[in-house]
Structure formats: C-alpha cells, structure tokens
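Please look at the sequence and the model shown here.

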Amino acid sequence: MSAPAPTAEPAIHTRALRKTFGSLVAVESLDLDVAQGELFGLLGPNGSGKTTTIRMLCGLMRPTSGEARVVGYDVTTQPEEIRRRIGYMSQHFGLYDDLTVLENARFYSSVYGLRGAEREARLAELLDELGLAPAAHQLAGTLSGGWKQRLALACATAHRPRLLFLDEPTAGVDPAARRSFWELIAELTARGTTILVTTHYMDEAARFPRVAFLSRGRLMSVGTPEEITRHFGLPTIEDVFIALQHTDEEDALSGAPRGGSGAR
Amino acid sequence: MMTLRARVARSRLWPMLHKEFIQMRRDRLTLAMMIGIPAAQLMLFGYAIRTEVRHLPTVVLDESRTAESRALVDAMANTGNFRIVGDVPDRATLERRIASGAASAGIVIPPTFAGDLARGRTATTQVLVDAADPLASSSAIAAAAQVAAAHGARLARERGAGAPRLEVRVRPLYNPGLRSEAYIVPGIIGVLLSMTMLIITSMSVVRERERGTLEQLIVTPIDKTSLMLGKLLPFVLVGFVQMTVVLLLGDVLFHVPARGSLLLLYAITFAFIVANLGVGLLISTVARTQAQAMQLGYFFLLPNILLSGFMFPRAAMPEPAQWIGLLLPLTYYLRVLRGVLLKGVGASLLWGDTLVLVGFAAVLVTLSVRRFSKTIE
C-alpha cells in the first residue's frame, strides 16, 4: 500500500474535464472541487452528464481531456490507487442475483482485500448496521428495491472507503426505504466519509449542504441549495430543475447544438 | 515485501473462483447441458459421418531400388490417392512416421521384387495404411487394388504370356475393422471441448457485462489476471467432465478403446482446454452482448469442424485450407487424441503437438488479459 494522500487535498478536484462520445459532448469544461468529508449532490436532468462524470472519477471511463484527481490520485494514470480507496454504487443493481446477500457481501469484502476473521467480523458488522442480517441467506435477485440498495451499499463500503460515489441510489425505491437510506448516508457522513450523490429527486436536494447543477454536460452553478435558487432567481431547486430541463428540450427540438448526451 | 505465500493467500483469484463455483452450482440448466451436449453430439456424429479421401501422405521403403520398383511407386502416386512425401531407410522408421501422424500410408517393396518379376514369380508389395482414419484407408485399399490390376496388366502386355503376377497386399494398422466410429469418437472430444469451452467462457464474461455486474466489479481493486483466471479455471473442470463422459460413452456404445495413457491424454487436454478458454476470453473482450459472443463463437467454430481434420482428412484439402487448419489448436489436439486413443502412442511422439498447444494457451490467455480493459467504454 502506498502512503495516504495528504489531508489538505480535496477529495475530488477536476479542471477542464471533458468527455465526448464521437460527436456528442457528454461533459464539457468541468471544474469541480469537493472537500474531504463533504456530502455533495450532483443534480441535473437525465442526460446532463452526471453518470459520465462519476464514471470518469471512478476510472470506469477515460476523460477525453482535462484533469481529474480523486483522493489525491490522477484518474488516468493511477486508477488502481483510487479504486482501493473509493466505494461505488452504480445506477443499476450491479451485484449477483444468483448469490445470497451474505455471499455477495463476502465476495466484495474479499475482493477489497479483507481476509479471514477480520473479514467475517466486518461482514457481521455491515449486515447488522444495514439491517441485512435477517435476509443474509436470501438470494439477492429476490430482494425488493430497498433491500437491494442496502446490499449494494454494504458491498460498496465493505473496505471503509473514504470516498463514496452513489449514482441515483434512490431510483425506484419506495419512500420509507428512501428515508432510511438517507439515515444511513447521514451516519457515514458523520464518520467522515466524503460522499458524492447524483439524484434527480429534487426533494432530496435540500439534504445536501452543497450541490452542483449540471445541464447538457456543463456545470451551471455550484453552492448551497439557497445560493442556487438565488442564482437562477427561482423559488425552489425543483423550479430550477424544470427550467433547465425545459430549455434542454427546446434545444433538442429546435436542433440546436447540444452539450450533454444521453450516454449512460 | 510480502512473502510469496502471503501474496498467494491475498490474491483476488480465490474470491473470484469461489464466486464462480457458487454460481455454476446454482445454474442447474447449464450444468445439465454440459453433460447432455456431449452425449447428444456423440450420437449425432458417431452414427452419421462418412467421407472420401485423396492425397494421403505416403512414405516409401524401397528395398528393391530398381526401375521396376520405381515404376510401381509412380503408378501408386498416379492414382491420386497417395502423395509420396519421402523415402525411409527401414520398417521401424516407416511405422514411426505413421504412428506420429506424419504419414498416413507406407509402401514397402521387398528386395526380391524385381527378381521375382524377372523370374516370373508373383511379386509382392505391401501397403500399410493408418486405418485409425477408415475413410482414408478404404480409399487407399481401393487404390492399391487398382494399381495391382493395371500395373499387372501392363506387365503382361510387355512381357507376353507367362508374365509374372503382381500382388499388392494392404495391411490396415490400428483399426483393422475400418470402423469410422473409431475415427470419429476421439474427434468428438476435441470438437465438443472447443465448442463448449469457447462459448461458455465468452458468454460468462459478456453476461456480466450485460447485467451490469462487471461495472460494479471493475471499480474494485481486483486485478485483470485474477478476474480472467477466475472466469477461466472453473471451466477447465467442466471440460474434463465432458471429456470423461465422451470417453465412457464411446467405450460403451462404440467400443472405441483407449490404447494409450489416459493420464498423458488428460495432461495434454489441459493445455487444449485453456487454449480454447483463451479464445473465449478473447471473444469476450470484443463482444458487447451475448448474441455477439455467440456469433463470434460460431464463426471460430466452423473452421474447427471443417478444417481441423475432424470430419475431412486434412490431406485431402487444398493447401490454403491446410494452412488455416494449422492456426487451429484443434488440428494438433486431434492428432494427440487419435494418437493416444487409437494408436497408443506415448509422449515421445506427441511432444511437438503438445508444445504447440501450450503455446496457443499461453499466448491466447495473455493476449485476452492484456486486451481486457477495466473500463466500460
């Protein structure tokens, strides 16, 4: 293991980050800084570049140009250093339907390097904290949306990452499960984990101390939810969202050049 | 520095293998197919396939060394069934060439040949044929009989009444009954392993890509080698099970014996299986969907069936087709299979083919690990 990144450095730091798919520009000139320990929301309509941004930060996609450093390491040249230190929950359930809850969690904790008694202790702790213990021997494929999401969180945090990426974690989850999920997130934040979350549920936007608004691949505004609404001169975050989506659709219909792509 | 032992214990290969075995155990349908497919294929090919052959590679042991003996060899070559590939100094070398698969037939002309003809006695020539391939040998037998008749008639014309008779005796080696099952059954092991290994591995990786589980897996610090080997090694076991099924059924249903060392065969098979799994992995680095993986798999499979010597003897193919055959691991493995099962040959004659198979395995697996990228683009 190499030395930990210096604490002064932000958890996420990007400059002029850009990603294109052929002629489509998915992310354009993105400058973003997320401090350590922050709970940060990445908001925007579908196709605004949220998922592409997260994927570049996790090393799943190579930026076309620009710079991105995550937990102090460069995404293009040191992706493995980053992977050791981050957790990631993809938009779609990415665990094994034909493995049980415990088998999935055990597999991921082993892949993150935990072994033997240390691993089993961590597994017991995880299942207990996330309330998964009663379903430990159930096949993951038979779980409801809310339980799948908890399992995914368990697998993503098995190695106690200092930075967590959650891509639309509450999509397709019932309101009660969403609420208890946010409680788990609050606990992780309280323990000092930096968390970057994308969402298009605008009622969730108020939970973030700081958010960034993406539209058509460009960063429109960064700040507290209040600063964002003030910037756009609109009463709520939801109004901002709808206004942005509206201009997006008008541009699409009039055939104007588009920054964001629908790429996932 | 970590010790080797600690490093092995911490390898990400173990969790990967464990996971793959659990998933394999739960997928009952696939598991059943792994046993069912070999049985069905064996019936299909074992009962159905027949073919015809020309240009058998042939070695000559000419102990007569006379104009008469050379005329006979020319007459043999002119039938188109024999292609003379060389002379051998003695009978042991001749049989060795046939056993190793370098030649499929041998013509033996005794020292007394010209003398017998001159004295008006019956001159005898022997043709040894590798009857492990009954198709090749039956055409060789027909050709030899034809030469005996035609050449004998010409001699009679030239020398008038009381001319000597010419006799060509054919001796089929290894498979005296000329049964094509004996030829086909070992081949089925090879074709079957190619087919299932290739498709199973490529599907297994591509399925993870399609379901999105690969995306979740590649953001972890798992190394590419562990990921790929974890996908590959469980199927080696499946391959051995399939091979055993065919060997057992082949023995019971078609009475195809195993003359050589089974241990040797299983050892060489390991390299062949890994080579095919390597092709499957390579396909999985290209294919994005299971349908694509399937198509690419069949694209590779077709030359395997047609050009490897499984159905049609390679000797009968035009040269470009033979060259393509040299690029297929199956071509080499078929020689090993037939050599061990039908001829009972040992490692001393098979090391060349084995080396090629090990080379294929190493290159293909290395190539696919290198090509695999921990990104989702």
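Two strands pair if DSSP finds at least two bridges between them. Strands (E, at least two residues) and helices (H or I, at least four residues) are DSSP runs, numbered from the N terminus. This is a predicted model, in which local features need pLDDT of at least 70, side-chain atom pairs count only at pLDDT 80 or more, and totals for chains, interfaces and linings use all residues. Residues are numbered from 1 along each chain as its sequence is written, while chains are lettered from A and ligands numbered from 1 in the order in which they are written.

Start with chain A. Its open sheet has six strands in the order β6-β7-β8-β3-β9-β10, with mixed pairing. At the edges are β6 (86-89) and β10 (218-223) of chain A, each pairing on one side only. Strand β9 (residues 210-215) of chain A pairs with β10(A) in the antiparallel sense over five bridges. Ser215(A) has Arg218(A) in β10(A) as its bridge partner.

Now turn to chain B. Here helix α2 (residues 13-26) of chain B packs against helix α10 (residues 224-254) of chain B at an angle of about 40°, with the axes 8 Å apart. Axes are lines fitted to C-alpha atoms, for helices over the stretch in contact, and angles run from 0 to 180 degrees between N-to-C directions. The residues of the contact of α2(B) with α10(B) comprise nine nonpolar, two polar and two charged. Ala, Val, Leu, Ile, Met, Phe, Trp, Tyr, Cys and Pro count as nonpolar, Asp, Glu, Lys and Arg as charged, and the others, Gly among them, as polar.
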